[in-house]
Amino acid sequence: MSISAQKAAPSAADRIQLEVQRAIQRSIKGVEYFASAAPVLGTTEKDLLHSRGTMKLYHYRPLADEIYRVPLLLVMATTNRGYILDMVPGQSLVEFLLQRGFDVYMLDWTAPRPEERGLKFEDYVLDFIPDCIRRVQQDSGESDVSVVGYCFGGVLSLLYASIFTDGPLKNLICFTTPIDFRRMTLFQSFSDRRYFDVDKLVDSVGNVPPELIFQSFEMLRPASRPIGQIQLWENMWSDEFVKSYRMFDRWAQDTLPLAGEYFRQTTKDLMWDNKLYEGTMTVGGRRADISRIKVPILHAVAEHDHIVPYDAAKPLIATVGSTDKEEVILKGGHVSLVAGANAIKRLWPKLDSWLSERST
Amino acid sequence: MTDKNEADKNAAGKKAADKKTADPVQMWHSFLGDMEKQFNSMSNQAMESAEFSRLMNQMTGASAGAKKAFGDSMEKYLAAMNLPSRSEFTELGERLLTIETRLNEIMSLLRRVHADVLSGDNAPSAAPRPPRTKRPPSKSGDAT
């Protein structure tokens with residue numbers, strides 16, 4: 001056996017001693033875990049530029065002495081909170097971008113109120129996003145704006161880009177964005193038109209409750225939560241593991257309700273009729289054909305994404321009309337693509353290098 | 001020796017070393033990982049069936065129906081008690097939302113006017129922002 005192999009394999013006595021120490025630490029830290037508050041996330045300094053119902057537009061305070069000319073607007077998915085892109089210092093995409101010299105804005109969402117149950121794609125694509133882009137232009141004094149859309153934020157950004165083809169969009173970046181909804185096989189099963197009465201659901205509940213959204217995500221990997229809790233207990237001795245677990249768990253459980261009419265449209269137009277992929281999507285009577293998109297586009301997808309399978313995201317780059325287009329497939333899952341240790345090593349540097357060349 | 005042979009030899013050596021020092025904790029972790037994958041895979045197969053979809057949506061529909069029936073009867077009860085119902089609160093919320101939107105527009109306008117005033121020659125300067133002159137690093141990796 002080589003020296004390195006001997007080092008890697010401690011003796012049985014050492015192993016037992018280590019496990020006893022960890023068991024003691026687990027008991028002590030287990031009590032701390034239940035007694036302590038959840039971690040504070042999304043702490044990068046920012047100003048609320050504009051707020052309207054469910055829509056919030058933030059501007060992050062620059063961290064560099066010199067910034068790129070073109071501001072960057074992050075469009076968050078409507079199902080989750082934007083702090084996944086700004087977890088804690090050192091693990092924040094927003095902080096990373098600010099340090100690399102980007103001027104960062106975020107279009108984030110809060111829970112739609114009961115009176116916002118009537119919000120539709122028209123509101124998100126023809127009103128909220130253009131309104132935020134106008135405000136970013138005013139605030140930055142620049143006419144060009146780059147947009148980054150995460151998951152369904154990417155879908156909304158694609159719809160915007162395909163309608164406002166002569167607009168101020170300079171670059172479009174999509175993170176794990178589905179366009180072929182037939183390939184989202186489990187969600188297809190959940191929303192099978194033969195059995196799923198979306199009209200009855202929306203007419204009954206108004207806004208679709210967050211529990212339903214959370215449960216549908218959890219059902220994609222039903223064993224992962226109980227196994228994750230076992231792993232948490234096993235790793236209770238490790239402050240780093242516990243911190244990371246709590247951050248991601250808090251975010252995952254912080255699911256937002258969806259506006260009823262928006263959910264109805266998503267189900268009918270995208271899940272049932274696959275209009276985005278078929279090129280037949282319209283928003284407010286305006287054609288939203290993504291082949292009309294000509295701006296430079298980067299699509300980052302995750303190899304092991306269980307929410308947006310690669311097959312559902314794959315056709316995006318082939319379909320858009322841009323000549324400057326690139327897809328990067330990175331190791332990781334739907335969330336670890338954008339946040340956590342994997343993202344720091346893989347996605348963030350790629351995003352920085354791609355965007356910096358196109359932001360002057 | 002090729003890289004592949006070297007790699008095979010290393011892998012075989014590692015396996016042998018692992019066998020000699022079978023670590024029950026490591027085995028437990030592997031078992032958990034395998035179990036998670038298998039259970040998820042089996043569940044996903046089951047969930048792709050039409051039968052699952054039918055059952056799941058029957059339950060969701062029944063739950064939504066019950067919620068609506070309960071809401072309707074509650075509304076009648078609240079009306080009888082001369083108390084405001086949820087839908088009336090929602091209507092109030094809609095009106096508040098309109099007022100909030102208007103207020104935000106006024107605030108935004110005021111901020112712009114304020115910024116214009118501050119940008120005058122005699123006014124103190126607003127918080128400075130970094131210049132938008134940054135260039136991408138050169139190919140050699142030097143920042144410019």
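## Two domains in chain B

How many Å separate the centres of domain 1 of chain B and domain 2 of chain B? Taken over C-alpha atoms, the separation is 36 Å. This is a predicted model, and in it domain 1 of chain B covers 35-83 while domain 2 covers 84-119.

## Where the chains meet

Let's turn to the contact between the chains. Chain A brings 42 residues to it and chain B brings 39 residues. On the side of chain A that touches chain B, at least two residues come from each of these elements: helix H2 (12-35), strand S1 (46-52), helix H6 (185-190), helix H7 (198-205) and helix H9 (224-234).

## Strand S9 of chain A

Now for a look inside chain A. Strand S9 (residues 297-302) is largely enclosed by the rest of the structure, because six of its six residues are buried. In a regular strand, side chains alternate between the two faces of the sheet. Both faces of S9(A) are covered: one side carries Ile297(A), His299(A) and Val301(A), the other Leu298(A), Ala300(A) and Ala302(A), and all of these are buried.

## The partners of S9

Strand S6 (residues 169-175) of chain A runs parallel to S9(A), and four bridges join the two. Within this pairing, Ile173(A) has Leu298(A) as its bridge partner in S9(A).

S9(A) also pairs with strand S10 (residues 325-330) of chain A, again in the parallel sense, over six bridges. Here Leu330(A) in S10(A) stands opposite Ala302(A), a residue of S9(A) that is buried.

Notes. Residues numbered from 1 in each chain as written. Chains lettered and ligands numbered in written order. Predicted model: local features only at pLDDT ≥ 70, side-chain atom pairs only at ≥ 80, totals over all residues. Contact = placed C-beta atoms within 7 Å. Buried ≥ 20, exposed ≤ 12 C-beta atoms within 10 Å, placed from the backbone. Pairing = 2+ DSSP bridges. Domains from an automatic or database assignment.
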